Amino acid sequence: MVSFIKPYRQDPFVGHLATPITTSAFTRAYLRLLPAYRPGLTPLSRGAEIGFAHGYFLVGPFYTFGPLRSAEFTLPSLAAGLLAAITLVFILTAALSIYGQVSYDVYDNALLVKLVGQTLSSSEDQSLPKVKRTGELDTLLGWQKFSEGFFSGGLIGSTIAALGIALYSTYL
């Protein structure tokens, strides 16, 4: 019997299994179309597109399963769902901002970092690893733009979803 699941690139130490789904051309083409991997997008537009999708799909569960749910459409339950979705988008934006602050070269000019760098560079066997930055999103400014786009896209997506629910529930 032929085994379809093998180590990725025949290396068992990678920690990834090559399956017909994960290594297919369709999967790679689909992942290249997602805004996180699509070439030519600025971090702001990347964040806006991802935030719009998250904001759009967060309103429904909060409206349907929130504390003010009812069998029929009510404006307070929709407002609570919209407010909860916007709050969650805000929390996610704060988490994105914190991640960007601690991940990308914020403390280069701090005295402690300079002293530690001099101490490590004075010894010949230890050195700080250098991280290769490849894209616009791999900088602090790019990550801040991504977070801004995520928040604005999340607000717009949540609002459009709430308007869609209100119009659908009112007129149909």
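This is a predicted model: local features need pLDDT of at least 70, side-chain atom pairs count only at pLDDT 80 or more; totals for chains, interfaces and linings use all residues.
Figure 1. Of the 172 residues in the chain, 22% are buried. The accessible surface of the chain amounts to about 12500 Å². Carbon and sulfur atoms account for 68% of this accessible surface.

**Figure 2. Order of the secondary-structure elements and the sequence separation of contacts.** The chain contains two strands and five helices. Read from the N terminus, the order of the elements is β-β-α-α-α-α-α. When contacts between residues at least 6 apart in sequence are considered, 62% of them link residues at least 24 apart.

**Figure 3. Crossing of helices α2 and α5.** The description of two packed helices rests on the angle between their axes and the distance between the axes. Helix α2 spans residues 43-65, and helix α5 spans residues 140-171. Their axes come within 5 Å and cross at roughly 35°. The crossing of α2 and α5 is right-handed. In the contact of α2 with α5, 15 residues are nonpolar, 12 are polar and three are charged.

**Figure 4. Segment 78-99, annotated in UniProt as a transmembrane region.** The annotation of residues 78-99 comes from an unreviewed UniProt entry. In the model, this segment is 100% helix and 0% strand. The C-alpha atoms at the ends of residues 78-99 lie 31 Å apart.

**Figure 5. Segment 150-171, also annotated in UniProt as a transmembrane region.** This annotation is likewise taken from the unreviewed entry. Residues 150-171 are 100% helix and 0% strand, with 31 Å between the end C-alpha atoms. Helix α5, which comprises residues 140-171, is the partner of α2 in the crossing at roughly 35°.

Notes: Residues are numbered from 1 along each chain as its sequence is written. Side-chain values use heavy atoms; hydrogens and water are left out. Axes are lines fitted to C-alpha atoms, for helices over the stretch in contact, and angles run from 0 to 180 degrees between N-to-C directions. Helices (H or I, at least four residues) and strands (E, at least two) are DSSP runs, numbered from the N terminus. A crossing is left-handed if the near helix is turned anticlockwise from the far one by less than a right angle, and right-handed if clockwise. Ala, Val, Leu, Ile, Met, Phe, Trp, Tyr, Cys and Pro count as nonpolar, Asp, Glu, Lys and Arg as charged, and the others, Gly among them, as polar. Buried means under 20% relative accessible area, exposed over 50%, partly exposed in between (1.4 Å probe, protein chains only). Contact means heavy atoms within 4.5 Å. Accessible areas come from the Shrake-Rupley method with a 1.4 Å probe; for residues, only the protein chains shown count as cover. UniProt positions are given in the numbering used here, feature names are shortened, and annotations may be inferred rather than shown by experiment.
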